[in-house]
Amino acid sequence: QATARSILPKSRTAKCLRLRAHKQDITVWKSKEHGTASYAGLQTCGSVWSCPVCAAKIAERRRVELKEAVKNAMNQRLGVHFVTLTVPHGIGDDLHDTLARLSVALKSMSCDGTFRRRKKQCEVEIVGFIRAQEVTYGNNGWHPHFHLIVLTKESTCGSSVIQYLYSGAWKRACVKAGLPEPHPEHGCTVQDGRFAALYVSKWGIEDEMTKSQAKRGKRHGLTPWGLLRAVLDGNAPEIAPEPAAALFRLYAHAFKGRRQLHWSVGLRAKLLPEQVELSDQQIVERPDDERAVLLAELSPDDWKAIRRVHGQAAVLEAAERGKDELAAVLYTLTAS
């Protein structure tokens, strides 16, 4: 997060978990369930694209929702299909232009007349879909792509039929939007519900975010968190710190305000009828654990002293070890 702040000094992410929320006390809490520590009373940015802290919290909530949704879909005997949509990409592609054209392509595909006629001919009833947008950066530049969990009325509808419907619609939509024609084999792939379940079980959890030494292979490219890791470590074999920072800055600007996860109309209510839908901002503002224990209250001067020596993480680490350890660390950091 500190690396993202240095790259985006004027963004909301630069203020996330650094500035006090309006008229709120800054407190330190420890989860009874997980033993992890967290702050309350600080501003949060709620960005799934540029803030690794908020993104991790949002992703975990969405992952639980997706897992429950797929389970309920299978219990309702719906067909579950995992669809991946990509377009050819190159090192000189303009990310802003590509994202704009992809948005046009998605809208065009949703109202494609040929798609509707073929769906009727194949006697396929699509109940709805859940769409996730992702992006990596590799030897061939930016690679934005989409994963869809498509639900059909009958579980007996094979993935080959969905492949037939979506591959043609995606090809026509991309050409119409001015994008390169998708690869016949890789532009649209469809797998059965087992792959959908595997995807949602780890959705939003990237090696670059959760494991300090892990790297993705060059074939897959780096996620945005991998770019941050390259800046932070300074020794990534894939890319040097300066171009990695420039790429992350471009990416954050291009994806700002875009939706990472989209449910088709009415589907969420059908699969998760008892769950209240929360916005990304509402998720990050909720306490990590409703049964957490209050360990410390920090005055504005205490917080300034902690920030001055970049001790935010040290406080949380001490809190996880116990109240006495936290008191000792707070005294060391704030005594001056």
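I started with S3 and strand S5 (residues 141-152), which pair in the antiparallel sense over 7 bridges. For the record, two strands pair if DSSP finds at least two bridges between them; helices (H or I, at least four residues) and strands (E, at least two) are DSSP runs, numbered from the N terminus. This is a predicted model, where local features need pLDDT of at least 70 and side-chain atom pairs count only at pLDDT 80 or more, while totals for chains, interfaces and linings use all residues. Residues are numbered from 1 along each chain as its sequence is written, and side-chain values use heavy atoms, with hydrogens and water left out.

Next I asked how many residues of S3 (residues 79-85) are buried. I got 7 of the 7, so the strand is largely enclosed by the rest of the structure. (Buried means under 20% relative accessible area with a 1.4 Å probe, protein chains only.) In a regular strand the side chains alternate between the two faces of the sheet. Here both faces are covered: Gly79, His81, Val83 and Leu85 are buried on one side, Val80, Phe82 and Thr84 on the other.

Then I moved to an open sheet of 3 strands, order S2-S1-S8, paired antiparallel. S2 (37-40) and S8 (293-298) are at the edges with a single partner strand each, so one side of each has no neighbour in the sheet. On average, neighbouring strands here are turned by 25° against each other, direction ignored. (Axes are lines fitted to C-alpha atoms, for helices over the stretch in contact; angles run from 0 to 180 degrees between N-to-C directions.)

What packs on this sheet? Helix H13 (residues 312-321) does, touching S1, S2 and S8, at about 125° to the direction of S2. Contact means heavy atoms within 4.5 Å. Helix H14 (residues 323-334) lies across S1 and S8, at about 10° to S8.

Last item: helix H12 (residues 300-308) packs with H14 at about 80°, axes 8 Å apart. The two are therefore roughly perpendicular, a label that covers 65 to 115 degrees. Asp302, Ala305 and Ile306 of H12 meet Leu330, Leu333 and Thr334 of H14. I noted the contact residues as 4 nonpolar, 1 polar and 1 charged. (Ala, Val, Leu, Ile, Met, Phe, Trp, Tyr, Cys and Pro count as nonpolar, Asp, Glu, Lys and Arg as charged, and the others, Gly among them, as polar.)

Methods. Parallel < 35°, antiparallel > 145°, perpendicular 65-115°, else oblique. Buried < 20%, exposed > 50% of the residue type's maximum accessible area, 1.4 Å probe, protein only.
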